[in-house]
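Trainee: Could we walk through this fold together, one piece at a time?
Mentor: Gladly, let's take a look.

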Amino acid sequence: MNRIDRIPATRPLIGVSGELKDFNGFDIQSAGHKYVYSVVEGFGGMPVILPSLGDLETNGAYSVAELAERLDGIILTGGRSNIEPHHYDGEPFRPETYRDPVRDSTTLPLVRAAVARGVPLFGICRGIQEINVAFGGTLHPYLWEVEGKRDHRMPQTDILEDRFAPRHPVHLTPDGLFAGIARGAGLDDDCVVVNSLHGQAVDRVADGFVVEALSEDGVVEGISMPGAASFVVGVQWHAEFRVFDHPFNHALYDAFGAAAQRRAAARAQREGVI
C-alpha cells in the first residue's frame, strides 16, 4: 500500500533543506522534488522547504535553533554546490567550483541545533558532508583526484533513470546501525548496492560519529552518531530516489520516519494537541 494512503494521525513536520539558486536572473529558494516527495512517500510525513537565509548568530535572517525546535525531523538534501573548505580548514576552492555560502551558513548551524534538541536528522549526499563538517570533520574536495579512489561523479545524461541508477556496492559495518536496519527488514546485512553520485566525500570522520558503510575503494558512504538523543544518519548516496524501489532505502526511511513520529507525538502531547 502506498504510504500516502496511511498517513499517521499526528503527521511529523519534516524540514527539507533548500538552497539559493539563479533562475533566469531571479534568486529562488528551492529543493528538489524527489527530496520533498520522499517525506510523503517514505512515511507519510508533512514536508516544508527550509530556505537558505543564514543563522541570526552569523548575521543571517532567522534563528535556526528556533526553527529546529519546531520541527519533528530534518532532511539535508544533495545539491550541485559544495561546502566551502574554510569550514573545515581546507585549501581554498578552485575558481570554477560551484558554491552556496548562504546554504553553508544555514545548514551547518542547523545540524548542531537539531542534534542538541534531539531532532531526527537524515543527511543525503551533500547532507552527509554537512553533518560531518558541522561537527569538525573534513572532506575530500576533489575526490576523483585522490589516489586509489574512483570517479564517483554523476554521469552526464539527461535520462533520470540512468543518472540515478545503482552504481556500486557499499559494505555495511558489522553490528552497526545500518546492518541492524538491514537485518530488521530481512535484507543482507553485509552489502547494499547504491546510486552514489558525488564529487566531494567525507575524509576525516567527525568525533562522535562512526562509519556505517564503505565503498569498495574505501570512500565513507554512511555515518551515524551513536550518542545522539535521536536518529542522526548520513548517506552519500541518493536514498530519496524512488524510495519504494530500493528495500534498504525504504528501511532507512522507515527508521527515520519512526523517530520523527515519536518526536511529533511527544510534541503534540506537550502542546496539548492530543
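## Helices and sheet

Mentor: This is a predicted model. Let's begin with helix α6 (residues 177–184) and helix α7 (residues 247–270), which pack at an angle of about 105° with their axes 9 Å apart.

Trainee: How are α6 and α7 oriented to each other?
Mentor: The angle between α6 and α7 is about 105°. Angles of 65 to 115 degrees count as roughly perpendicular. The two helices, α6 and α7, are therefore roughly perpendicular.

Trainee: Which class of residue makes up the contact of α6 with α7?
Mentor: On the α6 side we find F178, I181 and A182, and they meet F248, A251, L252 and A255 of α7. The contact of α6 with α7 has no polar and no charged residues; its seven residues are nonpolar.

Trainee: What about α3 and α4: which hand does their crossing have?
Mentor: The axes of helix α3 (residues 101–116) and helix α4 (residues 126–134) come within 9 Å and cross at roughly 65°. That makes α3 roughly perpendicular to α4. The hand of the α3 and α4 crossing is right-handed.

Trainee: And how many charged residues are in the contact of α3 with α4?
Mentor: From α3 come R103, D104, T107, L108, V111 and R112, while α4 brings R126, E130, I131, V133 and A134. In that contact of α3 with α4, five residues are nonpolar and one is polar, and the number of charged ones is five.

Trainee: Now the sheet: which strands are at its edges?
Mentor: The sheet is open, with nine strands in the order β4-β1-β5-β6-β13-β12-β11-β8-β9 and mixed pairing. An edge strand pairs on one side only, and that describes β4 (46–50) and β9.

Trainee: Is the pairing of β5 with β6 parallel or antiparallel?
Mentor: Strand β5 (residues 73–76) meets strand β6 (residues 121–124) over three bridges. In one of them, L76 has G123 of β6 as its partner. The sense of the β5 and β6 pairing is parallel.

Trainee: Which residue of β11 is the bridge partner of V170?
Mentor: Strand β8 (residues 168–172) is largely enclosed by the rest of the structure, because four of its five residues are buried. β8 pairs in the antiparallel sense with strand β9 (residues 191–194) over four bridges, and H171 stands opposite C191 there. With strand β11 (residues 210–215), β8 makes an antiparallel pairing over three bridges. In β11, the partner of V170 is S215.

Notes
Residues numbered from 1 in each chain as written. Predicted model: local features only at pLDDT ≥ 70, side-chain atom pairs only at ≥ 80, totals over all residues. Heavy atoms only, no water. Buried < 20%, exposed > 50% of the residue type's maximum accessible area, 1.4 Å probe, protein only. Pairing = 2+ DSSP bridges. Axes fitted to C-alpha atoms, helices over the stretch in contact; angles between N-to-C directions. Parallel < 35°, antiparallel > 145°, perpendicular 65-115°, else oblique. Left-handed = near helix turned anticlockwise from the far one by under 90°. Contact = heavy atoms within 4.5 Å. Nonpolar A, V, L, I, M, F, W, Y, C, P; charged D, E, K, R; others polar.
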